[in-house]
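Open the model in your viewer and keep the selection panel at hand.

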Amino acid sequence: MSEKTTPEPQAPGGTTPEPQTPGGTTKEAVASDVALDTAGGQMPPSAVPAATQLHGGDREGSVMHKIFTGNAMVSVLSVLLAIVLGGILMAVTNPKVAAAAGYFFAQPGDLLTEVIRPYTALVQGSIFNWAGADLSAQLYPITETFTVATPLICAGLGVALAFRAGLFNIGAQGQIIFGALFGAYAGFAWHLPIGLHLLVVIVAGLVGGAVWGGVVGLLKARTGAHEVIVTIMLNYIANFLLLFLLTTPAFQRKGSTNPISPFLDPSALFPELLGPQFRLHAGFLAAILATVFVWWLLNRSTIGFEFRAVGANPSAARTAGINVARSTILVMAIAGALAGLAGIAQVSGTEKYLSGGVAASIGFDAITVALLGRSTPWGTFFAGLLFGAFRAGGVAMQAQTQTPIDIVLVIQSLIVLFIAAPPLVRAIFGLNPRKKKTTTSGTAGTHAGGVKSGAAA
Amino acid sequence: MKLELKGITKRFGSLVANDHIDLVVEPGQVHCLLGENGAGKSTLMNVLYGLYDPTEGEILVDDKPVVFKDPGEAMAAGIGMVHQHFMLIPVFTVAENVALGNETTKAAGLLNLDATREKIRQISDQYGFDVDPDAMVEDLPVGVQQRVEIIKALVRDAEVLILDEPTAVLTPQETDELLDIIRQLKRDGKSIVFISHKLREVKAISDTITVIRRGKVVGQADPSASPTELASAMVGRAVSLNLDKAPAKTGDVTFTVRNLTVTDHNGQHVVDGLSFDIAKGEVLAIAGVQGNGQTELTEAILGVQPHVTGSITLDGEELLGKSVKHVLGAGVGFVPEDRTLDGLVGTFTIAENMILDLYDKAPFARGVGMKPSVIAENAAKKVEEFDVRTPSVAAAVGTLSGGNQQKVVLARELSRPLRLFIASQPTRGLDVGSIEFVHKRVIAERDHGTPVMIVSTELDEVMQLADRIAVLYRGKLVGIVPATTSRDVLGLMMAGVPAAEAEASASAHAPSGTTTTALPEPAGHEGETHV
């Protein structure tokens, strides 16, 4: 039965997107250019005039800029859309659901239940567990979310800050590793009084990240090396350096054959915020402080003003007497330090020791977090919380409903995909400001197409 | 082909860009749309070209109503458009660009450009375009690129050609050539819609002039009307095209340039051994055709050119080799030639742009902390003083019209005590009203006793503002002459003829002197308009 039902939606799905003529897209592009040029501020999504974009020369840069600083509505709708598509994907892949779909016409409610159940588990595992025995069990999920979100927020801020200065920092991963490396060493090798020890660990982590980020800025400013390539390569170096160091006596745990470090001194750890039954630690407060700091830096300080000016128009910044090279180095160092803080949150908070997987995929998720947060400090903060919730809830979801946690990855990726294509999102939700006619006719087509491709993924 | 627009209205949200505009373009006519920046000329043409749907109104071709859903349909109906920013692909050849959109193919899907090449040669010969179909577009000068755009329209059998601000990007010579091309097209029965705010060109080329102000047609004007009348109709109030300025009261020479040489990355001397002085209270205008070293000269003074030798002193202090910040701090006000590229950060607010080079100085900052309320107050004051038309100082500067953007740059640069003021192309792309304003502010700064250096490729502007004129040609100083020097002599000097020789040659050929000037009108006309 299931074999028969699956091909059916594919047939219309495959044909409906066709009416979107290839010529239509170029016309839209021209029209939007002209619209920006002449209608000026009337178009809310982008305040950048077409003229500047043309003159900017760096076309790739302006496209990236649009993606990273798109409007909030698109971010929210992208998340919504990704969740819906994720649900459909779960429905298609879950054997129980496939069975339910078989008798769909008899019992449509069952299919829906099978889709809603994993999401319910996700919420239960990330925000509030109403089935918990006592209050602490009920609140445990939200504290898990905060814990998992902490490094994501810090590293996300690093990516967002660099982006505001016009730099595409892919290197959060390496910077986290360096922060963790420096911090962990200070944490287990040195034995300092309580209070001071944690402070030294944090400073060491910030320095580690700042060095690894600053190198990128230095290379970019002095030699013009592209930061994307440099950061990717530095990620590899950091990763393998970490794996190597964990086999050396200086870092490897005594008596262990595994590549892991000794535990950090208790004095080097972030205090637990809500007692030992929760993993939530003071690193989360550090993340909030970091968000406030980045907000102040970008919006209230002369340094941030320089960063933003260099990011938005380096020529004008240079003409206004801003030292572009210095800004580049400084912003990468600060971005690295923020990522380093994420590393500290890992070793001093969550993990309590250094291992090869200390950075997990946080450095890459951080890019998505910054993207979803439109490179604003508070946007990044809440995007980090959302991703933390996905991660924390994903575990519960897998345990309770056997839905693979990988679905969370798919949802995250779908979010990025939609944010990168705002017109698609607007078209699906019928929000296209221009031609009403094409929007309505396009919605059905793209929606069916989008659903299909989502299911196929 | 007769083209008629009836009651065209276009709204963007609450903004009415076009308000019941009626327009008739007769065959074989040059119909000029005259209006300030932001008056709605381009919007109207985009409606006509099928890029926008009109909110109300209709378009008639040969008295039959038509609806253009996209530019393709407008083209098919015989309407061609040359945009202000060219729609060409730089790495394609002329033929490829022209064929783009309706390419024909040979066997195996290969491009067949032979027919296109042949057509380009034919059109090129007919109108004297001198365009090689196989030249790469990015290698062509701007004027020739524009011709490629015109060819694109003609290949598609356009009967009505819309030229949107076609001279904004051209040198005076190229402008002349374009006007000749338009006359030829007209002779062949094509209708031309010429959008501009440059009165001289409009008067030279138009058969009918429609003046648009704030989205409405405010009237028809006769090409024989005086520029002052046209300007007043366009701006909506009496404007004076003649700048009233008192003779310069010059003081000490405080700014000197000696033996300045700028070498570009190819090892060429783009500025070659330049020496000049500017005294307090004096305007020295640097004249010359675009690309003769003016940009490099101003950038060398600012400190953003890498390979500079010689000496630049202000009040006895050597500026060469100092950072931009130091130069600005020494009291140099700098208006760059390309405001969107070098003068403003488009996504920043007006308030932020007003302090773009003062952001770390008191009272806008203390230490590393900035003071948003002081910055906003400052902006509100400057917006008032410089008459920047904006709903809010928190609006992104990129949403302003060119004239208002330039006012923001000027407001910023003139808002602190200056020891030297440098403005490059201060009125490029501005409308009459804004030009008048900018010129007055420049002269006001001069009368404060500031040495002023103006770089302009517009001879009119040079002659209006200058107390002395320095002419550059291929990075070298041809000569420094008084502001009273005739256009003919200046025109010759801009072509590299030394001052004395130019003087002699101009007086020998006085009656036919207009051929050497950059602009189409007889020089004698100038006096008449300034009465």
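**Stop one: a strand and its neighbours**

Select β15(B) together with strand β23 (residues 468-473) of chain B: the two pair in the parallel sense over 4 bridges. Strands pair if DSSP finds at least two bridges between them; strands (E, at least two residues) and helices (H or I, at least four) are DSSP runs, numbered from the N terminus. Within this pairing, B:Ala285 stands opposite B:Ile469.

This is a predicted model, in which local features need pLDDT of at least 70 and side-chain atom pairs count only at pLDDT 80 or more, while totals for chains, interfaces and linings use all residues. Residues are numbered from 1 along each chain as its sequence is written, and chains are lettered from A and ligands numbered from 1 in the order in which they are written.

**Stop two: the side chains of β15(B)**

Show residues 283-287 of chain B: 5 of the 5 are buried (20 or more other C-beta atoms within 10 Å of the residue's own, with C-beta atoms placed from the backbone). B:Val283, B:Ala285 and B:Ala287 point one way, B:Leu284 and B:Ile286 the other. In a regular strand, side chains alternate between the two faces of the sheet.

**Stop three: the whole chain**

Zoom out to chain B, with its 19 helices and 24 strands. Its C-alpha atoms fill a box of roughly 70 × 60 × 55 Å along the principal axes. Buried residues make up 50% of the 531.

Key: Buried ≥ 20, exposed ≤ 12 C-beta atoms within 10 Å, placed from the backbone.
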